[in-house]
Amino acid sequence: MKIGVLALQGAVREHVSAIQAGGAEAVVVKKAVQLAELDGLVLPGGESTAMRRLIDRAELLEPLRAFADAGNPMFGTCAGLVLLAKEIEGQEAAHLGVMDITVARNSFGRQVDSFEANLDIQGIDEPFPAVFIRAPHIVHAGEDVEVLCEYGGRIVLAKSGPFLGCSFHPELTGDHRLMQLFLNMVENRELLPTTAHYSKI
Amino acid sequence: MSEKGTDRVKRGMAEMQKGGVIMDVVNAEQAKIAEAAGATAVMALERVPSDIRKEGGVARMADPRITEEVMNAVSIPVMAKARIGHITEARVLEAMGVDYIDESEVLTPADEEFHLLKNDYTVPFVCGCRNIGEAARRIGEGASMLRTKGEPGTGNIVEAVRHLRQVNGEVRKIVAMGEDELMTAARDLGASYEFLKEVKLLGRLPVVNFAAGGIATPADAALMMELGADGVFVGSGIFKSDQPERFARAIVEATAHYQDYELIAKLSKDLGPAMKGLEMSTIGAADRMQERSW
């Protein structure tokens, strides 16, 4: 199983370690041609605006959308969640726009408000240590979106068809259970519910 | 229960900057140009290092109005500089909600003996270093991110290269050392034994290390990435060039794709003059910002 990590900017190395810890092969992705060999893709934490500029200049936007359209699983953390979202509060245009959610950026405040908390996640037994850094959250989730975790009344982890997205940074802790959940999605991709929305884009 | 200002939160913020370019800006308009070009953060200050060098006088924390305008203009993180050891400037910046403080040798030091005890703050700090001893001491005080010092405001990459090679060479030596050699290395380097043990265990520094001080072209930025920087700070290099927007975009792209040489050639074409730059031998010992702090 080959899992890519979009490596234009951000916490790439940490996701590579998590993928390898889960027994899959990790590929550092900088170019569209690399997508063809992948079974799934991680969009890491970083700065979403910087990543978007680099996606545009590397002509990756359409190839990434096509990758998603083909039903390939994608996992976005923090900035990666913002990249996946169909709508971004206060912004006219989304980025990939493939996951049926609306996100608000920096919605917990500035860096001095960044925090750690233990989360109760649906389907995961013990609390999950989560690091929120200038984090976004999901303000609206579409009908087919499965909310896996809320914190302080805000949706911070959700799954929809082949897409998994979270507000926090599982890559900053040694806890690989969310990555394992994603790797299971990739392994059993034929069982994932297909949703109609991403073909409309 | 949630906890703010932990090491993981403060160091993690720097991890999210990796592979990126942090640009010096002196007003909201420049901040917007930086953000549009793909900067991962901006550093708000009153004068860029080359102007500080030219105009002389005491360089202090920027007027809070400038920092506030920059914070209101962009959605990416905003960093700001405080003088070395200036507890009150740092507390003021923290109270204003800036995302990262640079305890910076670019400003005139307020204290020539003691750095800030950065562990005491909720806001994270970045500090300069020229070798692993300085890196260890700054991290010991609570810095959550490092940048090699280089020589700010020169547009000359030679000191940035020297410092990054020094730090990374020392890291490699520590990693290769036997456990029984670490205490002697700790004495010689002025680094704590515990710190060196951690470096050996991790195989790298425990925090993100960017390059700074002299980066003027896309190729300079790519060179620092090649030498193992986690990202780059560009001070005077962008807004002292002829075409700031194009320079900013080109430096961002060259940093992300630092081994794509055809691309860097394309990015560097017809960029126009970079900042003029200074040869090191023309800078007197007293004017070397890197010598400030230990």
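A: Helices α8(B) and α9(B) cross in the right-handed sense; a crossing is left-handed if the near helix is turned anticlockwise from the far one by less than a right angle, and right-handed if clockwise. This is a predicted model, in which local features need pLDDT of at least 70 and side-chain atom pairs count only at pLDDT 80 or more, while totals for chains, interfaces and linings use all residues. Residues are numbered from 1 along each chain as its sequence is written, chains are lettered from A and ligands numbered from 1 in the order in which they are written, and side-chain values use heavy atoms, leaving out hydrogens and water.

Helix α8 of chain B covers residues 182-189 and helix α9 of chain B residues 193-202; their axes come within 9 Å and cross at roughly 120°. Axes are lines fitted to C-alpha atoms, for helices over the stretch in contact, and angles run from 0 to 180 degrees between N-to-C directions. Helices (H or I, at least four residues) and strands (E, at least two) are DSSP runs, numbered from the N terminus. On the α8(B) side, the residues making the contact (heavy atoms within 4.5 Å) are Leu182(B), Met183(B), Ala185(B), Ala186(B) and Leu189(B). From α9(B) come Tyr193(B), Leu196(B), Lys197(B) and Lys200(B). By class, that gives 7 nonpolar, no polar and 2 charged residues; here Ala, Val, Leu, Ile, Met, Phe, Trp, Tyr, Cys and Pro count as nonpolar, Asp, Glu, Lys and Arg as charged, and the others, Gly among them, as polar.

Chain B has another helix pair to look at: α2 (residues 28-37) and α4 (residues 64-73) pack at an angle of about 35°, with their axes 8 Å apart. Their crossing is right-handed. Ala28(B), Ala31(B), Lys32(B) and Glu35(B) of α2(B) meet Glu69(B), Val70(B) and Ala73(B) of α4(B), a set with 4 nonpolar, no polar and 3 charged residues.

Now for the meeting of the chains: 36 residues of chain A are in contact with 42 residues of chain B. About 3,100 Å² is buried between them, 52% of it from carbon and sulfur atoms; buried area is the accessible area (1.4 Å probe) that two parts lose on being put together, summed over both. In chain A, Arg57(A), Val112(A) and Glu116(A) lose the most area to chain B, together 21% of what that side buries.

Across this interface there are 8 salt bridges, each a side-chain nitrogen of Lys or Arg within 4 Å of a carboxyl oxygen of Asp or Glu. Asp113(A) pairs with Lys4(B) in this way (3.6 Å, N to O). Lys31(A) and Asp260(B) also form a salt bridge (3.4 Å, N to O).
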